Each structure stands twice: as structure tokens, then as C-alpha cells.
Amino acid sequence: MPRIGIFFGTDTGRTRLIAKQIAKKLGEAAAPPVNIGRATLAEFLAYDALILGSPTLGDGELPGLSTGLSQPSWEEFLPLLADADLSGKVVAIYGLGDQKKYPDEFVDAIGLLHDALVAAGARAVGRWPAAGYEFAGSLALDGDDFLGLALDQINQPVFTEQRLDTWLAQIRPELMR
């Protein structure tokens, strides 16, 4: 079984495409990406190392049925983790946002996922510098760093490939322990 599970929340498809890029870059170390709305808790818990992705919707919300999606996503999955013990699991999070249209809640989903997973006992890796972005606020910000990789496929798609490569080089040793 591959060591790294990749799960993503739904959006316009950008988060899924990034998940596929990550899986390709990691090769055999990673399982094929899974839409979290189609995942079971047992499938999620089968991995000791996880890469999780989510867009931030509306006013800083995780994707889910209440945000107008037609299928479940992170909003519905996170409550399943309330009684789960994620001790020993390592998670890295990437998030997609639009820093110009939503400058006050840029990549908030990273912070929301981070807090829920750490509260359940997971160890988070993959902090990313906030330098190079223009936004007003984010739940994903801790000091000068995001709690995961921030991507803006609307305003900064030219930086995505290099950011992914640098981030994956940073987190891979942590995920492969």
C-alpha cells in the first residue's frame, strides 16, 4: 500500500487537479487522490501520512452542502473525526483561494482543517511563508507563515508549479518517516 493518502474537497475542479499533480510528483509513494465526499473514515484512517486539500468558499467556509455543493465534502467529513484518534498521523495541507476577490479570508480552509486535525491528535507539517501574497486576513496564518501551502490559481497560477515542488521537497521526508 502507498504510504501517503491524498484527499481533497470539491470545488470547480482546481483542488482535484492539484491533488493529481501532487500524486504524480510523489509517484508510487502516494495513493491516487480521493474526493473526501466519497471517502469513508476507515479509508482516511488507513494512512499514517496524509496530504489534504481544500478550496475556501464564500466567506471563509469549507466546501460542503451548506455552501451549495451537490455532494458532501469537508464540511460533512470533519465531524466524523471528532471521536477519532489521529495520534501518530502526519498531515500536510494545501488550500486554494482568491486573494483579490476574498482578501479577508484567503485560504481559510487551511486553518480550519489544520485546527480540526491537530485537535484530533495529528501532527501537522508543511508551513508555507506568507511573503509573496497580497491579502488582508486568513485563518491559515500563524505569524509570518501559512499552516499549509497556499495556492491562488486565479491570480498567481504562474507560481503554482514551483511552490508545489518546493513544498513537496519540504514535506516528503516528514511524510515518509
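Axes here are lines fitted to C-alpha atoms, for helices over the stretch in contact, and angles run from 0 to 180 degrees between N-to-C directions. The model is predicted, so that local features need pLDDT of at least 70 and side-chain atom pairs count only at pLDDT 80 or more, while totals for chains, interfaces and linings use all residues. Residues are numbered from 1 along each chain as its sequence is written, and side-chain values use heavy atoms, with hydrogens and water left out.

**Exercise 1.** Describe how helix 1 and helix 5 pack.

*Solution.* Helix 1 (residues 14-26) and helix 5 (residues 160-175) have axes 11 Å apart and an angle of about 55 degrees. The two helices are therefore oblique to each other (under 35 degrees is roughly parallel, over 145 roughly antiparallel, 65 to 115 roughly perpendicular, the rest oblique). Next, list the residues that meet, contact being heavy atoms within 4.5 Å: Ile18, Gln21, Ile22, Lys25 and Leu26 in helix 1 face Thr160, Glu161, Leu164, Asp165, Trp167, Leu168 and Arg172 in helix 5. By class, this contact has 6 nonpolar, 2 polar and 4 charged residues.

**Exercise 2.** Find the contacts of Ile22, leaving aside neighbours within four places in sequence.

*Solution.* Ile22 is in contact with Ile6, Ile51, Tyr94, Leu164, Trp167 and Leu168.

Methods
Helices (H or I, at least four residues) and strands (E, at least two) are DSSP runs, numbered from the N terminus. Ala, Val, Leu, Ile, Met, Phe, Trp, Tyr, Cys and Pro count as nonpolar, Asp, Glu, Lys and Arg as charged, and the others, Gly among them, as polar.
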